[in-house]
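Hi,

Here is the structure I promised to pass on. Have a look at it first, then read my notes on the pockets and the helix packing below.

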Amino acid sequence: MTIFHFFNCAILTFGPHAVYYSATPLSEYDTIGTSIKSAVVYLVTALVKLVCLATFLKVSESDSFDPYQELLKALIGFIDVAGLYFALTQLTHRNISQNHKFQAVGLGWAFADSVLHRLAPLWVGARGLEFTWDYILQGLEANANLVLSISLAALGSLIWLRKNKPKTLIPIIYACAGIVATMPSITSYLKLALGWHFPKVVGFELFTSLVVAFISWQLFAACQRPSN
């Protein structure tokens, strides 16, 4: 039963990444190399973030919300944006369109995040004797992160790769990208300052990811329309 629970949680956590790759044109254009490169960039970015967090953040003696510490975490979190910029603009990609490039980069980014942050807790905890919903919720959280990562990659491609954007949409693009980039700090505020429990936070992340994905899709479609 414990192994069955582990495999269920693992499929929920990592399965959507494989489904997204196979169900979209990414598999037809063989963009797996782009996703792997993006995953490697994420791992390097995560290492840089870890060094910065260990250097500049002090160990908190309580679980209370510290605005200064959280602001510093948010600023360090923008290293992800720098890594995403490198993955989108500096890596050599196969001859794929901008639409497929940002999806492949976002997919690799999200998969590396899930492996780094969720695989070990899942392997250790989901095989325990006592059933818990926490690892199912972590799987749902990974799905929300997949949507947010692809959305951020889409917004990043509009910012850095799309030159002829409608000027009226530029503030909206930057605002949405800023919200997605600071999502870890937002969820930290909800948990520490407002006392939200994990299921409620995951529900918020799922809802926010769907809203951001819809807005990003509309912005991307609007920027692709020929200007009059």
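Let me start with the second largest pocket, which holds about 220 Å³ of space. A pocket here is an open set of points on a 1 Å grid over the protein atoms alone, where a 1.4 Å probe fits, with protein on both sides within 12 Å along at least five of seven lines; lining residues have an atom within 4 Å of a point. Volume is the space filled by probe spheres set on the points, with grid points joined across faces, edges and corners.

Before going on, a caveat: this is a predicted model, where local features need pLDDT of at least 70 and side-chain atom pairs count only at pLDDT 80 or more, while totals for chains, interfaces and linings use all residues. Residues are numbered from 1 along each chain as its sequence is written, and side-chain values use heavy atoms, with hydrogens and water left out.

Back to that pocket: 13 residues line it, and Phe102, Ala154, Ser216, Trp217 and Phe220 lie nearest its centre. H5, H6 and H9 each give two or more residues to its lining, with the largest share, six residues, coming from H9. (Helices are DSSP runs of H or I, at least four residues, numbered from the N terminus.) By class, its lining has eight nonpolar, five polar and no charged residues. Nonpolar means Ala, Val, Leu, Ile, Met, Phe, Trp, Tyr, Cys and Pro, charged means Asp, Glu, Lys and Arg, and the others, Gly among them, are polar.

The largest pocket has a volume of about 1300 Å³. Its lining counts 39 residues, with Lys49, Asp113, His117, Pro184 and Thr187 nearest the centre. Among the elements that give two or more residues to this lining are helix H2 (32–56), helix H3 (67–77) and helix H9 (198–224). The lining divides into 21 nonpolar, nine polar and nine charged residues.

Now the packing. H5 (residues 98–125) and H6 (residues 134–160) pack at about 155°, with axes 8 Å apart; axes are lines fitted to C-alpha atoms over the stretch in contact, and angles run from 0 to 180 degrees between N-to-C directions. So H5 is roughly antiparallel to H6 (the term is for angles over 145 degrees). Their contact has 13 nonpolar, nine polar and three charged residues. H2 and H3 also pack at about 155°, with axes 10 Å apart, which makes H2 roughly antiparallel to H3.

Cheers

Technical notes: Angles under 35 degrees count as roughly parallel, over 145 as roughly antiparallel, 65 to 115 as roughly perpendicular and the rest as oblique.
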